[in-house]
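Thanks for coming, everyone. Let me put the model on the screen, and then we'll walk through it.

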Amino acid sequence: MKQSHLRPIFVEFIPETLDEGVLYVAMEYRTTAHRCCCGCGRTVYLPLSPTQWRLTFDGESIWINPSVGSWSLPCRSHYWIRGNRILWAQPWTNERVAAARANDRRTRDQDFVTPSPVLEPATFMPTPAIPVQSRWARVKAFIRLK
């Protein structure tokens with residue numbers, strides 16, 4: 001049966017058997033899993049990372065970005081998870097799926113290939129010595145100022 005909502009459950013490990021209408025979130029392993037919202041019963045895993053899916057949790061509801069496109073499943077479901085609700089999206093053509101996958105690959109490759117800025121090693125800069133004046137020298141300097 002087609003789902004209209006997903007209830008988030010935070011777990012240490014994704015269970016072997018997933019309940020309908022539940023989005024399992026394993027933060028330590030940066031992944032989520034749920035049964036496809038179309039009702040086909042297949043498991044959908046969403047790895048969480050800046051170049052894949054991002055999860056937002058406000059204490060009650062979950063948002064997942066970008067959309068969930070089950071292109072490798074027979075159902076080819078396409079939906080958004082917004083505030084625990086399922087918002088169905090238009091199906092994509094094979095050409096659009098291929099273009100999106102190529103773009104995702106380029107983005108991921110660019111993120112891993114772009115060199116990090118090279119930081120120069122820290123150098124020790126000694127603090128210049130401040131001459132310590134005797135009390136008598138400070139008194140004489142004070143008197144000269146007046």
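Which element gives the most to the lining of the largest pocket? The answer is α1, with seven residues. Hold that thought while I cover the ground rules.

This is a predicted model, so to speak of local features we need pLDDT of at least 70, side-chain atom pairs count only at pLDDT 80 or more, and totals for chains, interfaces and linings use all residues. Residues are numbered from 1 along each chain as its sequence is written, and side-chain values use heavy atoms, with hydrogens and water left out.

Now the layout. The chain has eight strands and two helices. Those are DSSP runs, numbered from the N terminus: H or I of at least four residues for helices, E of at least two for strands. The order from the N terminus is β-β-β-β-β-β-β-β-α-α. Of the 146 residues, 24% are buried, meaning under 20% relative accessible area with a 1.4 Å probe, protein chains only.

A pocket here is an open set of points on a 1 Å grid over the protein atoms alone, where a 1.4 Å probe fits, with protein on both sides within 12 Å along at least five of seven lines; lining residues have an atom within 4 Å of a point. There are 28 lining residues, and the closest to the centre are Trp53, Pro66, Ser67, Trp71 and Asp104. β4 (43-47), β6 (62-69), β7 (78-82) and α1 (94-113) each give two or more residues to the lining.

Next, the core. The largest nonpolar core has 16 residues. They are buried Ala, Val, Leu, Ile, Met, Phe, Trp, Tyr and Cys residues, joined through side-chain atoms within 4.5 Å. Val44, Ile64, Tyr79 and Ile81 touch the most other members. β2 (22-26), β4, β6 and β7 each supply at least two residues of this core. β6 gives the most, with three.

Take Ile64. Beyond four places in sequence, Ile64 touches Leu23, Leu46, Trp53, Arg54, Leu55, Trp80, Ile81 and Arg82. Contact means heavy atoms within 4.5 Å.

Ser77 lies in the loop between β6 and β7. Leaving aside neighbours within four places, its contacts include Cys36, Cys38, Trp71 and Trp88.

Definitions and conventions
Buried means under 20% relative accessible area, exposed over 50%, partly exposed in between (1.4 Å probe, protein chains only).
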